[in-house]
There are 2 protein chains.
Amino acid sequence: MSNMYDSAYELQTAIRESDDFQALKGAFEKVMDDASSKKMFENFRDTQLALQEKQMQGQDITEEEVEKARQVVELVQQHPDISDLMEKEQRLNKAINYLSQIITKPLEELYGTPENNQGE
Amino acid sequence: MSNMYDSAYELQTAIRESDDFQALKGAFEKVMDDASSKKMFENFRDTQLALQEKQMQGQDITEEEVEKARQVVELVQQHPDISDLMEKEQRLNKAINYLSQIITKPLEELYGTPENNQGE
């Protein structure tokens, strides 16, 4: 009979203490501790964010921009610490997507109309 | 020291038992129990989903479609049971957005660069 918000704070703590989050934190700090990898990673982030913003605003993305983004990704993936960080980001994102599916299950059950699942 | 997934299932239960979710469930069932409001609500959902799908695929939405969607919204809002359901949906969505902010706080703390918050 626990409260939603209390449960959410418990989950916050569980995420913070999880191996996946601790590994991400370590990888992030390693990249940030080195001026060269920090700059490379921030350049990569900025390029990604700028493209996402354009996309969300419905603006066209030029071939040149796509090419530039591809080059930046290729560059950062060659840096072992950054590619390690990206791998750890992906792992935690996967976990959080799965958590999110667990949490929103009651809504899915409510709106998933049983008639449609019985092959009418 | 609880596991992320155990905590997520606890939160799932807390959401399912919450007043907000129970109120939504009741309102949804009331709309679904009446053939006329059920049809009206499903028509509304279909229109919304079709527009969202077009938007996500980057397709242009015509003025005619916007106008049609506006009319459908106006119509359903006049139905007391449907407008009650929509209000309860909004309330639960707000709660879930807030829960989501609590849960993803560790990531926000990690990536929120302190340099940028000190007005450099």
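Guide: Let's start with a term: a salt bridge here is a side-chain nitrogen of Lys or Arg within 4 Å of a carboxyl oxygen of Asp or Glu. The model is predicted, so to speak only of what holds up, local features need pLDDT of at least 70 and side-chain atom pairs 80 or more, while totals for chains, interfaces and linings use all residues. Residues are numbered from 1 along each chain as written, chains are lettered from A and ligands numbered from 1 in the order written, and side-chain values use heavy atoms, with hydrogens and water left out.

Now for A:E89: this residue forms a salt bridge with A:R45, and the closest N and O atoms sit 2.8 Å apart. The pair ties together distant parts of the chain, with A:E89 in helix α5 (residues 80–103) of chain A and A:R45 in helix α3 (residues 35–56) of chain A, 44 residues apart.

Neighbours within four places in sequence aside, A:K88 is in contact (heavy atoms within 4.5 Å) with A:A23, A:L24 and A:A27.

Over in chain B, the axes of α3(B) and α5(B) come within 11 Å and cross at roughly 50°, which makes α3(B) oblique to α5(B). Axes are fitted to C-alpha atoms over the stretch in contact, with N-to-C angles from 0 to 180 degrees; under 35 is roughly parallel, over 145 roughly antiparallel, 65 to 115 roughly perpendicular, the rest oblique. On the α3(B) side the contact uses B:S37, B:M40, B:F41, B:F44 and B:R45, and on the α5(B) side B:I82, B:L85, B:M86 and B:E89. Sorted by class, that's six nonpolar, one polar and two charged residues. (Nonpolar means Ala, Val, Leu, Ile, Met, Phe, Trp, Tyr, Cys and Pro; charged means Asp, Glu, Lys and Arg; the others, Gly among them, are polar.)

The other partner of α3(B) is α2(B), residues 19–32: the two axes come within 6 Å and cross at roughly 110°, so these helices are roughly perpendicular to each other. B:F28, B:K30, B:V31 and B:M32 of α2(B) meet B:S37, B:K38, B:F41 and B:E42 of α3(B).

Finally, step out to where the chains meet. There, 40 residues of chain B are in contact with 40 of chain A. Together the chains bury about 3,800 Å², 72% of it on carbon and sulfur atoms. B:M4, B:L110 and B:Y111 supply 18% of what chain B buries against chain A, more than any other three residues. (Buried area is accessible area, 1.4 Å probe, lost on putting two parts together, summed over both.)

Two salt bridges cross this interface. B:R16 makes a salt bridge with A:E109, the closest N and O atoms being 2.5 Å apart. Helices α1 (4–17), α2, α3, α5 (80–103) and α6 (105–111) of chain B each supply at least two residues of the side touching chain A. Of these, α1(B) gives the most, with 12 residues. By class, this side of chain B has 24 nonpolar, five polar and 11 charged residues.

Terms used. Helix = DSSP H or I, 4+ residues; strand = E, 2+ residues; numbered from the N terminus.
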